[in-house]
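Here is a note for a colleague who is meeting this structure for the first time. Please read it with the model open.

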Amino acid sequence: MAALVLGLVLFLGVHSTRVFADGWRTATMERFGEKEYKLLYSLLSIAGFVLLVWGYGLARQNPVVLWGQPPVWTRHMASLLTLVAFVLLVAAYVPGNHLKAKLRHPMILGVKVWAFAHLIANNTLADLLLFGGFLLWAVLDYRSAKRRDRTLATVLEANVVRTIITVVVGMVAWAVFAMWAHRVLIGVSPLGA
C-alpha cells in the first residue's frame, strides 16, 4: 500500500502545482527555464505513475475489503460513466468542439467522472485511495482552473463537425478499452465478457 500512496502523492502532487503553488510554479519555470521545468515535471509524473500502478497492482493481490460486493448495477453505471469520461478526455484534444468550448476543462471533468465511476463499482482500500485521490484532485483542480478562467475571459470557437468527431472518437476509444484493453492492462473485464 505504501507504493500506491507514494505514487499518488508524487503524481497528484506534481499535477497540483497550479492548484496550490501557481506562483512557485511560475517562478521556478522562469528560474530554470520552461524546457527544464517540463522535463522534471514529466520525469516526476512518470515516476509517480509507475509507483501508483505498481502499488495498486500489489494492493490488489491482498485486498483490504471495506464493504460488501457492490451491486451489479454499479458496474453498469460505471460503464456508462466511463463512456462519458472517454468523450470528455477526447474533447480536451480535439480543437473547436462544443464540449471544450462550454466546459473549458473537459479532461479534468473526465477524470472526475472516471474516478467516481470506479469508486461506486469497487470496494477495497486500494480502490478508495486510488480513485478517491483522483476524484479529490480533480475537484480541486477544476475549481482552480475555473478561477483562472474568470481572470482570462477567453472565448473558444466551436463547430458541430468537430463535436461529432469528438463524440465518435471518444465512443470508439471507450469501446476498445472496455471490450479489450481494460482486461489486457488491468486484468478485469468491465463488461463481464
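This is a predicted model: local features need pLDDT of at least 70, side-chain atom pairs count only at pLDDT 80 or more; totals for chains, interfaces and linings use all residues.

1. Residues are numbered from 1 along each chain as its sequence is written, and side-chain values use heavy atoms, with hydrogens and water left out.

2. The structure holds 4 salt bridges, a salt bridge being a side-chain nitrogen of Lys or Arg within 4 Å of a carboxyl oxygen of Asp or Glu. One of them joins E34 to K38 at 2.8 Å, N to O, and both residues lie in helix α4 (residues 34–61), 4 residues apart, about one turn of the helix. Helices are DSSP runs of H or I with at least four residues, numbered from the N terminus.

3. D22 and R25 meet in a salt bridge of 3.9 Å, N to O, and R18, D22 and R25 are linked in a network of such bridges.

4. D149 forms a salt bridge with R104, with the closest N and O atoms 3.9 Å apart. Because D149 lies in helix α8 and R104 in the loop between α6 and α7, this pair ties together parts that are 45 residues apart in sequence. R104 counts as buried at 17% relative accessibility, where buried means under 20% relative accessible area, exposed over 50%, and partly exposed in between, with a 1.4 Å probe and protein chains only. R104 also has a positive phi of about 70° although it is not a glycine; most residues other than glycine have a negative phi.

5. D141, in helix α8 (residues 125–152), deserves a look: D141 is buried yet has no salt bridge, and the nearest side chain of opposite charge, R148, is 4.7 Å away. Lys and Arg count as positive here and Asp and Glu as negative, with His and the chain ends not counted.

6. Helix α5 (residues 72–91) has 20 residues and reaches 30 Å from its first C-alpha to its last, close to the 28 Å expected at 1.5 Å a residue, the expected span being 1.5 Å times one less than the number of residues.

7. A nonpolar surface patch, whose members include V160, W180 and V188, has about 1100 Å² of accessible area together. Patches of this kind are made of residues with over 30% relative accessible area and no salt bridge, nonpolar side chains (Val, Leu, Ile, Met, Phe, Trp, Tyr) being joined within 5 Å and like charges within 9 Å; accessible areas come from the Shrake-Rupley method with a 1.4 Å probe, and for residues only the protein chains shown count as cover.

Note on methods: Helices (H or I, at least four residues) and strands (E, at least two) are DSSP runs, numbered from the N terminus.
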